[in-house]
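Subject: Structure for you to look at

Hello,

Here is the structure I promised you. Please open it next to the sequence and follow along.

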Amino acid sequence: MIKNIIYVFAIFFFATSCNDKPEDSSINRKKLVKRHNIIFTEIDSTEIPQVGNGEIAFGIDVTGLQTLYGNTLSQWGWHSFPLPEGKTVADFKMTRINVHNHTAEYPVDNIGQKELFSWLRENPHRLNLGKLSFLLDGKLIAKQDLSEINQKLDLWQGVIYSNYKIQGIPVKVITICHPKSDAIAVKVESKLIREKRLTVQISFPYGHAKKISGGDWNAPDKHETQLLRNKSSVMFNRFLDKDSYNSKLTWENNVELKETAKHTYELLPMENSNVFSFNCHFSQIPIDTSNPSFEVTMDDTKKYWEQFWSTGGAIDLSESKDSRWKELERRVVLSQYLLAVNEAGSLPPQESGLLLNSGWYGKFHLEMHWWHGAHYQLWNRWPLFERSLDWYKTSIPVAQKIAKRQGYEGTRWPKMIGPDGRFGPSFTGPWLIWQQPHPIFYAEQNYRIDSSDQTLQKWKDVVFETADFMASYAYKNKETGKYDLGPWLINAAENNHNTKESTINPAFELAYWRYGLGIACKWRERMELPTNEKWLDVLKNLAPLPVKDDLYVMYENVPNMWTDFNKSHIDVIGAGAFLPIEGIDKEILNNTIDKVNTDWKMNTTWGWDFPWLAMASARAGQPKKAINALLMDSPKNRYSKCGINTGGPAAAYFPGNGGLLYAIAMMSAGWDGENNKRAPGFPDDGSWTIKHEGLMKAQ
């Protein structure tokens, strides 16, 4: 388990910095944000609004709590089941392959070790910290009890206001999350409080690896809850196998607390008042401070979010003639809120953030970290991304071990991993390589913001260790004299499982290798260090991007490219998307974009493919296709009422939201090498009017 994170509230209060003058400084940011407030008038378990601070998120239903649905997930809350009896992690047998005259070990086989294989994948799993619900006359409120629902998520304030009637009696609830600590504060107003009919229940689950809720409420004998009670608060000390955490519940009225079942407690307000407020603080370590009052929390929350929206980048599309402007602007505004709530924490986020656990047990995927967080630099909110980037430096020893057991130098960053850094076996993940240059990209983003020696020193080990692996992984082909990538790899599209032992030189990975090694060489120059001749040799002699019929193809000698491999992630355009276009043949890129638009099976893509295609189209000088890519009508490019991209394997797929924010900022503020044209990624035909401020150019 990781150490508890102490937040620095001030990171939200940084001044906007921009590498050029904003195109427009007259955006009414409050009006812009508030026109996309979310209103719910009916029960819908597929739409779960949240409050949160990046480290914890509290998803609620229309009651303002989690009476019907909703989860409480955090960056630090994890649980592990005991190992299978008689087994240790060291018992897992790696698969040994011979590649380029050396032996490499990969955790990819479950034959004869299915139980241990599954345990290593499922543990640790992200844990639901607890559920807060409303009771009516001692029973959970049912759907049929509710009427006249009107719930609003006020984005400018970061507050959810829930109004409804229970059996005809009005109830008002305000739900917020404290910006400094992992605490949820709630205020309830109803005559049902004074009548002692409406009460609050808190319950705690055991861990569950496979449920999207992250909790098992049907295993009461597998965990323990200890109480430390005083007049105005109670501390719940939680123990699950070898894991533990704490929850401190405080209130401002006289309350009776009673245990109604194992790990389940009811709060009964006892004063003759229609109003009841409480604060529930979750923590991995013992809580030795008092919880702030609801009023203080409310004030801090409003200041937090007003400052968030008032700084960083902003884009106003409201003067556009294209009728799609409002939907695109809605997605942009809601994505900013969602990612700040779910994905601005101390670890790389999972693909479904802190809303629910995806099919990977709450663990994070490093190849997706770029899509979750790279946009923060362009939007001048770098500190929100920086929170999770220290993970790379502290995890160098883990990545070094992976590289070493495969016969390579430096650090090999894995795909799926949890906070403990232990490998997770998979039939696919260990063969991926496109996450490898990501940390170098992040380092360069940091340098564009702060080109100081401090930045160079902070990232030096990560950049150099990453480049060492990249140069070591590339293999010099004696016949061509070029350095190849592969075989024994699965490319970003993940559709070459059956040919991984023969796949070489995937187009996107080659381009990313060239970028990463090029930046690493620049870093040595900036630090006045001697040239790394190995890096430079590989950089100068990398195999060319594979081309057939004037089109980029997925990898060298791929068979039936446009009938069998025109599906899944569109990595044939990746070389000219978020990467600088130097070394890319613009005519071939344009041909490939056109071919993708006519022949790609877009219903097989995932959420971030659409902004990826938009970025490539913008760089290639096809802005109409860029905007059409972002707004393409596809089941994999849908955004819920809450603004959540649903185009992935789970009900929430936040890489799509992050990709959208990167693409829209790049299309608005431009990228290195373009001619400073106004909003170069948008059509220049009068259909779009782009007002933006506080954005940075992309690389």
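Below is what was found, taken piece by piece.

Keep in mind that this is a predicted model.

Start with the open sheet. The sheet has five strands, in the order β10-β9-β15-β20-β19. Their pairing is antiparallel. Which strands stand at the edges? They are β10 (139–140) and β19 (255–261). Each has a single partner strand, so one side of each is left without a neighbour in the sheet.

Now look at one end of that order. Strand β9 covers residues 131–136 and pairs with β10 in the antiparallel sense. Two bridges hold this pairing on record. L136 stands opposite K139 in β10.

As background, strands of a sheet pair through backbone hydrogen bonds, either parallel or antiparallel.

Next, find the hairpin. Strand β16 spans residues 223–230, and strand β17 spans residues 233–240. A hairpin of two residues joins β16 to β17. The two strands pair in the antiparallel sense over eight bridges. For a landmark, T225 stands opposite R238 in β17.

Last, two helices. Helix α12 takes in residues 507–526, and helix α13 takes in residues 533–540. Their axes come within 9 Å and cross at roughly 145°. The crossing of α12 and α13 is left-handed. Which residues meet there? From α12 come R514, L517, G518, A520, C521 and R524. From α13 come W535, L536, V538 and L539. By class, this contact has seven nonpolar, one polar and two charged residues.

Best wishes

Conventions:
Residues numbered from 1 in each chain as written. Predicted model: local features only at pLDDT ≥ 70, side-chain atom pairs only at ≥ 80, totals over all residues. Heavy atoms only, no water. Pairing = 2+ DSSP bridges. Helix = DSSP H or I, 4+ residues; strand = E, 2+ residues; numbered from the N terminus. Axes fitted to C-alpha atoms, helices over the stretch in contact; angles between N-to-C directions. Left-handed = near helix turned anticlockwise from the far one by under 90°. Contact = heavy atoms within 4.5 Å. Nonpolar A, V, L, I, M, F, W, Y, C, P; charged D, E, K, R; others polar.
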